[in-house]
Amino acid sequence: METKLLTSKDIDEAGRILRNGGLVGIPTETVYGLAANALDGRAVSRIFEAKGRPQDNPLIVHISEIGELEPLVAFVPPVVYDLYDVFWPGPLTIIMEKSPIIPDEVSAGLDTVAIRMPSHPLARGIIKSAGVPLAAPSANISGKPSPTEACHVMHDMNGKIEAVLDGGRCDVGVESTVITLCTRTPKLLRPGVITPDDLEAVLGKIDIDDAVLGMLKDGERAASPGMKYKHYSPNADVIVVDADSKLFAEFVTERAYENGKDKTAALIFDDEGEKPNCIIKSFGNKNDDKAHANKLFSLLRECDDEHISTVYVHCPSKSGVGLAVMNRLLRAAEYKVIKL
Ligand code: TXA
Ligand code: MG
């Protein structure tokens with residue numbers, strides 16, 4: 001199959017492909033999504049094939065207006081309207097009890113459904129043009145870093161889907177915050193740029209799932225099935241190093257000497273005191289957690305393009321948006337953290 005590269009002028013064509021059961025890579029403010037008609041089980045099952053995604057990992061359903069929500073869920077918990085006032089459209093996904101029109105392919109057999117109203121004008125335009133809600137996971141091959149540019153989607157999906165619509169680079173760079181309202185206290189399942197503090201300002205106290213920063217123990221059931229898989233990993237080996245600037249530089253320089261300077265990269269802060277002697281990738285200033293979120297996935301993909309074999313990442317802060325960055329980074333590194 002030839003995968004067409006569409007532009008912002010082709011919203012109608014994207015809508016037509018989706019209505020006809022096709023798959024389109026679409027820009028959102030977080031990462032690119034791989035979209036299909038959420039009400040068409042056959043179209044949705046093609047998403048799983050294209051990504052190589054495990055069947056038991058449910059998808060997020062994307063809507064463009066609040067009026068599209070009601071038919072998709074068993075009932076709308078009143079607090080959803082409070083969340084809507086503050087965060088929608090935007091990078092927040094809310095899990096609710098599903099209505100019978102949600103196909104099993106979307107919910108992976110659960111009785112809940114994840115809903116998000118993206119803020120990206122092209123994403124909203126494509127949903128409107130399709131005239132149906134869109135199921136869309138991140139548009140990467142399962143296990144790889146999420147795509148933040150159309151060329152990343154092409155790299156992973158060329159020949160497997162009908163089209164990719166190029167909307168430029170994504171603003172946020174990490175996926176939406178996921179919260180479930182199906183527990184007694186609302187629970188954060190995946191951190192994003194909307195932080196626990198932001199959510200607590202609307203919801204009061206929330207719980208944070210253990211898997212957000214921890215490793216799942218053997219046999220433990222993931223509340224959000226996506227959290228149990230190896231995730232966000234480039235081909236390169238990713239190692240997180242928790243140390244001050246000087247120790248980090250010395251340690252990585254020594255490792256790069258053994259491994260090959262041109263095969264070793266360091267992802268470091270721009271305002272770092274000392275820099276190791278290897279390929280340097282800029283992660284933004286140390287206290288700029290939004291820059292870390294924006295750059296993480298694209299830098300990991302860049303390292304693969306340059307055939308780098310090992311990437312040492314100077315450990316960022318876990319607070320605020322940093323919680324989302326660390327959540328992705330720990331999985332990309334398969335929890336390899338060296339503390340000096
Ligand atoms: O920003 C985003 O959320 C992007 C863009 C494209 O919208 N989408 C995205 O989708 O990141 P995906 O499939 O890569 O991640 C969805 C996450 C997974 O961890 C999945 O397990 C979880 O949401 N999820 C979806 N439906 C769920 C449900 N009913 N219950 C619990 N977790 C759910
Ligand atoms: Mg994903």
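Trainee: Which elements cover the buried residues of α6?
Mentor: Buried means under 20% relative accessible area, exposed over 50%, partly exposed in between (1.4 Å probe, protein chains only). Helices (H or I, at least four residues) and strands (E, at least two) are DSSP runs, numbered from the N terminus. Contact means heavy atoms within 4.5 Å. Here the cover of α6 includes β1 (4–6), β2 (24–26), β3 (33–37), α2 (41–51), β8 (163–165) and α9 (289–305). Bear in mind that this is a predicted model: local features need pLDDT of at least 70, side-chain atom pairs count only at pLDDT 80 or more, and totals for chains, interfaces and linings use all residues. Residues are numbered from 1 along each chain as its sequence is written, chains are lettered from A and ligands numbered from 1 in the order in which they are written, and side-chain values use heavy atoms, leaving out hydrogens and water.

Trainee: Why is α6 largely enclosed by the rest of the structure?
Mentor: Because six of the eight residues in α6 (residues 150–157) are buried. Those are Ala150, His152, Val153, Met154, Asp156 and Met157. After the helix comes Gly159, with a positive phi near 90°.

Trainee: How do I read the strand order, and which strands stand at the edges?
Mentor: Strands of a sheet pair through backbone hydrogen bonds, either parallel or antiparallel. Two strands count as paired if DSSP finds at least two bridges between them. In this model, an open sheet of eleven strands runs β1-β8-β2-β3-β7-β4-β6-β5-β9-β10-β11, with mixed pairing. β1 and β11 (207–208) are the edge strands; each has a single partner, so one side of each lacks a neighbour in the sheet.

Trainee: What about β5, parallel or antiparallel to β9?
Mentor: Parallel, over four bridges, with β9 spanning residues 177–180; Ile94 has Ile179 as its bridge partner there. With β6, β5 pairs in the antiparallel sense over five bridges, and Ile95 is partnered by Ala114. Five of the six residues of β5 are buried.

Trainee: How many residues does the largest nonpolar core have?
Mentor: A nonpolar core is a set of buried Ala, Val, Leu, Ile, Met, Phe, Trp, Tyr and Cys residues joined through side-chain atoms within 4.5 Å. The largest one has 47 residues, and Leu92, Ile94, Ile115 and Leu199 have the most contacts inside it. Its largest share, five residues, comes from α2. A second, separate core of 29 residues includes Val193, Tyr232, Phe297 and Leu329.
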